[in-house]
Amino acid sequence: MDFTAPVSRFMTHKLVTVIPGDRLTVVKEIFDNQRIHHIPVVKFTTLVGLISKMDFIHFIKGHAIMPHDEVTEQNLLEKYTAEDIMTKGIATLDSGERMNVALQVLSENLFHAIPIVDDGQLVGMLTTLDIIKVLVEEDNARIKAV
């Protein structure tokens, strides 16, 4: 991996996003049907928050439902919105930042995704999975060359 390359070379460009007012039914559907673990919350193309799959699971489990309660998981999903559970004030990088900087940020913090923002607009996401995929591809290429 070229640690001096820009993060734009490794980031995911096509993102699945939600808006702050989207109900958690939408968030659940995305997590259930997409192979992603982080959903950016945007107003137009401006990042306002991030929901991780763990944030979502902890929220639902935090409202544990007893069999005799009238409140069901579906009620929670319909009552609350993305804005209610999103993490705000997310660390971001711009697409021209070098990979070594992104790796340093990921290693020093307890999150596994960095939104990539250029001029205030969300343009991608760099996750630990993106990095692992690059390393696997490079290793496979190395093995084939031998």
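# Reading the terms against the values

Me: Why is V101 called partly exposed?

Reply: In this predicted model, V101 has a relative accessibility of 28%, and since the partly exposed class takes in whatever falls between under 20% for buried and over 50% for exposed, V101 is therefore placed in that class. The residue itself lies in helix α5, which covers residues 99-108.

Me: How far apart are the C-alpha atoms of V101 and D139?

Reply: The two residues are 38 places apart along the chain, and their C-alpha atoms are separated by 22 Å.

Me: Why does T81 count as buried?

Reply: T81 has a relative accessible area of 11%, and because buried means under 20%, the value settles the matter and T81 is buried. T81 is found in the loop between α3 (73-79) and α4 (82-85).

Me: What does T81 touch, once residues up to four places away in sequence are left out?

Reply: With that exclusion, T81 touches P20, G21, D22, R23 and L24, where a contact requires heavy atoms within 4.5 Å. For one of these residues there is also a polar detail, since the backbone oxygen of P20 lies 3.5 Å from a polar atom of the T81 side chain, and a polar contact asks for N or O atoms within 3.5 Å.

Me: Is T127 buried or exposed, and what makes it so?

Reply: T127 is buried, because its relative accessibility is 14% and the limit for that class is under 20%. The residue belongs to strand β4, and, not counting residues up to four places away in sequence, T127 touches H38, H112 and A113.

Me: What makes the phi values of F44 and D119 worth a remark?

Reply: For F44, phi is near 60°, which is a positive value in a residue other than glycine. For D119, phi is also positive, at about 50°, although D119 is not a glycine.

Me: Which residues lie closest to the centre of the largest pocket, and what is its volume?

Reply: The largest pocket has a volume of about 450 Å³. Of the 21 residues that line it, T12, R35, I36, T127 and D130 are the closest to its centre, and the elements giving two or more residues to this lining are β1 (38-43), β4 (121-127) and α6 (128-145). Among the elements, α6 gives the most, with five residues. By kind, the lining residues of the largest pocket divide into nine nonpolar, seven polar and five charged.

Me: What lines the second largest pocket?

Reply: That lining has 16 residues, and H38, L50, S52, D55 and F111 lie nearest the centre of a pocket whose volume is about 300 Å³. At least two lining residues come from each of β2 (46-52) and α2 (53-62), with α2 supplying the largest share, three residues. The lining of the second largest pocket divides into seven nonpolar, six polar and three charged residues.

Me: How many helices and strands does the chain have, and in what pattern do they follow one another?

Reply: There are six helices and four strands, which follow the pattern α-β-β-α-α-α-α-β-β-α when the chain is read along its sequence.

Me: What share of the chain counts as buried, and what is its accessible surface?

Reply: Of the 146 residues of the chain, 34% count as buried, which means that their relative accessible area is under 20%. The accessible surface of the chain comes to about 9100 Å², and 54% of that surface belongs to carbon and sulfur atoms.

Me: What share of the contacts joins residues at least 24 apart?

Reply: Among contacts between residues at least 6 apart in sequence, 58% join residues at least 24 apart.

Definitions and conventions. Residues numbered from 1 in each chain as written. Predicted model: local features only at pLDDT ≥ 70, side-chain atom pairs only at ≥ 80, totals over all residues. Heavy atoms only, no water. 1 Å grid on protein atoms, 1.4 Å probe; cavity = no way out; pocket = protein on both sides within 12 Å on 5 of 7 lines; lining within 4 Å. Points joined across faces, edges and corners; volume = space filled by probe spheres on them. Nonpolar A, V, L, I, M, F, W, Y, C, P; charged D, E, K, R; others polar. Buried < 20%, exposed > 50% of the residue type's maximum accessible area, 1.4 Å probe, protein only. Polar contact = N/O pair within 3.5 Å; in protein donor to acceptor, adjacent residues only side chain to side chain. Areas by Shrake-Rupley, 256 points an atom, 1.4 Å probe, with all protein chains shown as cover.
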